[in-house]
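Trainee: Can you walk me through this one? I have it open.

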Amino acid sequence: MHDISFHPLSGKGLGMNAPNIATGSSDNDIRLWSLNNTVQNQKSIPLRGHKDRVNRVLFHTSGDYLFSGSYD
């Protein structure tokens with residue numbers, strides 16, 4: 001994992017099953033995760049499209065957009 005970003009509404013009324021965290025990594029994918037600790041096998045939602053490792057992910061302050069930076 002190269003970067004992690006927390007949704008700006010995490011812990012402030014954003015549902016526990018909503019994507020609360022975004023990660024970017026060397027497998028060229030961005031993954032969205034929830035903070036639901038009642039699920040034993042957490043599954044992520046992959047966002048694909050980059051051709052090289054993702055080195056930066058960032059939620060917009062509104063939480064409506066996710067920005068990413070890659071070496072591609």
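Trainee: What is serine 26 in contact with, leaving aside its neighbours within four places in sequence?

Mentor: Serine 26 is in contact with His2 and Arg53, where contact means heavy atoms within 4.5 Å. This is a predicted model: local features need pLDDT of at least 70, side-chain atom pairs count only at pLDDT 80 or more, and totals for chains, interfaces and linings use all residues. Residues are numbered from 1 along each chain as its sequence is written, and side-chain values use heavy atoms, with hydrogens and water left out.

Trainee: Where does serine 26 lie?

Mentor: In the loop between strand S2 (21-24) and S3. Strands (E, at least two residues) are DSSP runs, numbered from the N terminus.

Trainee: And aspartate 29, buried or exposed?

Mentor: Aspartate 29 is buried, because its relative accessible area is 8%. Buried means under 20%, exposed over 50%, partly exposed in between (1.4 Å probe, protein chains only). Aspartate 29 lies in the loop between S2 and S3. Not counting residues up to four places away in sequence, aspartate 29 touches Thr23, Gly24, Pro46, Leu47, Arg48 and Val54.

Trainee: New topic. In what order do the strands form the sheet?

Mentor: The 4 strands run S1-S2-S3-S4 in an open sheet with antiparallel pairing. Strands pair if DSSP finds at least two bridges between them. The edge strands, S1 (3-6) and S4, each pair on one side only.

Trainee: How many bridges join S2 and S3?

Mentor: S2 and S3 pair over 4 bridges. For isoleucine 21, the bridge partner in S3 is tryptophan 33.
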